[in-house]
Amino acid sequence: MYTEDVLLNVGKRAKRETILSLALLAAGFAAALWALIQRQKLAGALALALLVMAAYGVYALRAAPWRRYRRFLLDVAAGRSHENTLWFTAAQCEAHMTEDGVLVRDVVFGQDPSKKDPKALADQVYYWDAGYPFPAVEPGRKVTVKSFGRYILSIREAG
């Protein structure tokens with residue numbers, strides 16, 4: 001699901017957004033320096049304060065999510081993955097952001113429907129990257145899930 005091309009594109013986007021926020025910060029320093037050369041201390045302080053806040057806002061809202069997603073992709077590429085055989089229950093349509101900065105949909109896996117063991121584990125929730133289409137899997141089917149932590153890397157029907 002995650003290829004080198006995806007990693008390169010995300011890296012380029014993160015770099016572009018970081019450069020944008022740094023350019024805005026440089027403009028703030030230039031405006032403050034110009035105002036201080038003109039001996040307008042209040043204007044210099046206001047220009048610096050406003051543009052530093054704008055640069056931080058641009059970084060926090062645009063660059064930081066791409067950098068977190070790139071870090072996640074690097075962890076997936078270098079990390080250990082596990083394969084589990086589970087029974088698919090449901091996939092949610094709504095996407096949400098995890099603490100790692102990845103936009104995901106919840107996928108719920110349950111126990112074997114033929115066994116009604118009260119001591120069995122409860123439903124397990126995994127994450128599917130919302131940027132990719134979810135494969136067509138019917139509820140109650142046995143599937144093999146390759147995952148990194150709780151993030152699904154691939155899913156296929158078990159034989």
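Trainee: Is arginine 39 buried or exposed?

Mentor: Arginine 39 counts as exposed, because its relative accessibility is 77%. Here buried means under 20% relative accessible area, exposed over 50%, and partly exposed in between, with a 1.4 Å probe and protein chains only.

Trainee: Where is arginine 39 found?

Mentor: In the loop between α1 and α2. Arginine 39 also has a positive phi of about 60°, although it is not a glycine.

Trainee: Before I go on, what kind of model is this?

Mentor: This is a predicted model, where local features need pLDDT of at least 70, side-chain atom pairs count only at pLDDT 80 or more, and totals for chains, interfaces and linings use all residues. Residues are numbered from 1 along each chain as its sequence is written, and side-chain values use heavy atoms, with hydrogens and water left out.

Trainee: OK, so how many helices and strands are there?

Mentor: The protein chain has two helices and five strands. Helices (H or I, at least four residues) and strands (E, at least two) are DSSP runs, numbered from the N terminus.

Trainee: And what pattern do they follow along the sequence?

Mentor: Going along the protein chain you read α-α-β-β-β-β-β. The chain is more spread out than a compact globule, because its radius of gyration is 23 Å, well over the 15 Å that the globule rule gives for 159 residues. That radius is taken over C-alpha atoms, and the rule is 2.2 Å times the number of residues to the power 0.38.

Trainee: What box do the C-alpha atoms fill?

Mentor: Roughly 80 × 30 × 25 Å, taken along the principal axes.

Trainee: What share of the residues is buried?

Mentor: Buried residues make up 29% of the 159 residues in the protein chain.

Trainee: Let's switch to helix α2. Where does α2 bend?

Mentor: Helix α2, residues 41–78, bends by about 40° at alanine 63, and proline 65 follows within four residues. The bend at a residue is the angle between axes fitted to the seven residues ending there and the seven starting there.

Trainee: Which residues of α2 are buried?

Mentor: Among them are Gly44, Ala63, Tyr69, Phe72 and Val76. The cover over the buried residues of α2 includes α1 (4–37), β3 (124–129), β4 (142–148) and β5 (151–157).

Trainee: New topic: proline 135. Which residues does proline 135 touch?

Mentor: Proline 135 touches Trp128 and Ile155, not counting residues up to four places away in sequence. Contact means heavy atoms within 4.5 Å. The place of proline 135 is in the loop between β3 and β4, and proline 135 is partly exposed, with a relative accessible area of 28%.

Trainee: How are proline 135 and alanine 63 separated?

Mentor: They are 72 residues apart along the chain, and their C-alpha atoms are separated by 30 Å.
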